[in-house]
Structures are given as structure tokens and as C-alpha cells.
Amino acid sequence: MIERLMTNHFLQDNPGYQEITQHIAEIRHAVSKNLDPEDREMMERLADAYIGQCTMLVNDAFTSGFCAAVELALEILQHRSA
């Protein structure tokens, strides 16, 4: 279940996600064609670093939210059994 929740397939169905992904691709293409190969490589490395950072943030937010939900469920169960 956690594996299924951790995949971001649900984002692909979100029109807002699709729009921003397309927008990012257009900007990257426009900037890329104005750069020499060395600068293009640097831009790609920067983009990869941002993607890695964003992935970490999403994973941490998921983990924090999941743990908070479990703690809440445990509190409810304890309250009901008291």
C-alpha cells in the first residue's frame, strides 16, 4: 500500500500538473537552444538538481503526513478503548 501511495502517478492525471510540465519543457527548450553545449550541460545539471530536491521534499512531506495520520489513528483507537 505504501509503495502505491508513494508513486506519483496520480499527478499525471492532474491538468495543472500537465500544464506546468509542458510549460517547463517549453522554457527548457527555448533556453537550451540559446546556449552553447557546455552551458546546456550546466543547465541540465541544474535542472536535475532541482528535480532531486523536489523529490526529497515530496517524499518528506508524504512521510510526515503518513506518520501524522497513523498517530492520529492510534490516538483515536486509544480514546475509544479507554
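Mentor: What follows is a walk along helix α4, with the rest of the chain brought in where needed.

This is a predicted model, in which local features need pLDDT of at least 70 and side-chain atom pairs count only at pLDDT 80 or more, while totals for chains, interfaces and linings use all residues. Residues are numbered from 1 along each chain as its sequence is written, and side-chain values use heavy atoms, with hydrogens and water left out.

The protein has four helices and zero strands (helices are DSSP runs of H or I with at least four residues, strands runs of E with at least two, numbered from the N terminus). From the N terminus on, the order is α-α-α-α. The mean pLDDT (the predictor's confidence in each residue, from 0 to 100) is 88, and 87% of the residues reach 70 or more. Confidence is highest in α4, at a mean of 93, and lowest in helix α1 (residues 2–6), at 64.

Helix α4 covers residues 37–81. Its 45 residues reach 66 Å from the first C-alpha to the last, close to the expected 66 Å; the expected span is 1.5 Å times one less than the number of residues.

Because Glu-44 lies in α4 and Arg-28 in α3, the pair ties together parts that are 16 residues apart in sequence. The structure holds one salt bridge. Glu-44 is partly exposed, with a relative accessible area of 28%, and Arg-28 is also partly exposed, at 27% (buried means under 20%, exposed over 50%, partly exposed in between, with a 1.4 Å probe and protein chains only). Arg-40, another residue of α4, is partly exposed at 30%. Arg-40 and Arg-28 are twelve residues apart in sequence, and their C-alpha atoms are 9.6 Å apart in space.

The partner helix, α3 (residues 15–32), has 18 residues and reaches 25 Å, close to the 26 Å expected. At its start, a side-chain oxygen of Asn-14 reaches to within 2.7 Å of the backbone nitrogen of Gly-16.

Back in α4, Phe-62 and Phe-66 sit four residues apart, about one turn of the helix. The count of aromatic pairs is one (rings of Phe, Tyr and Trp, the last by its six-membered ring, pair if their centres lie within 6.5 Å; planes under 30 degrees apart count as stacked, over 60 as edge-to-face and the rest as tilted). The ring centres of Phe-62 and Phe-66 are 5.9 Å apart and their planes are at 20°, so the pair is stacked. Phe-62 is partly exposed at 22%, and Phe-66 is partly exposed at 32%.

Conventions. Polar contact = N/O pair within 3.5 Å; in protein donor to acceptor, adjacent residues only side chain to side chain. Salt bridge = Lys/Arg side-chain N within 4 Å of Asp/Glu carboxyl O.
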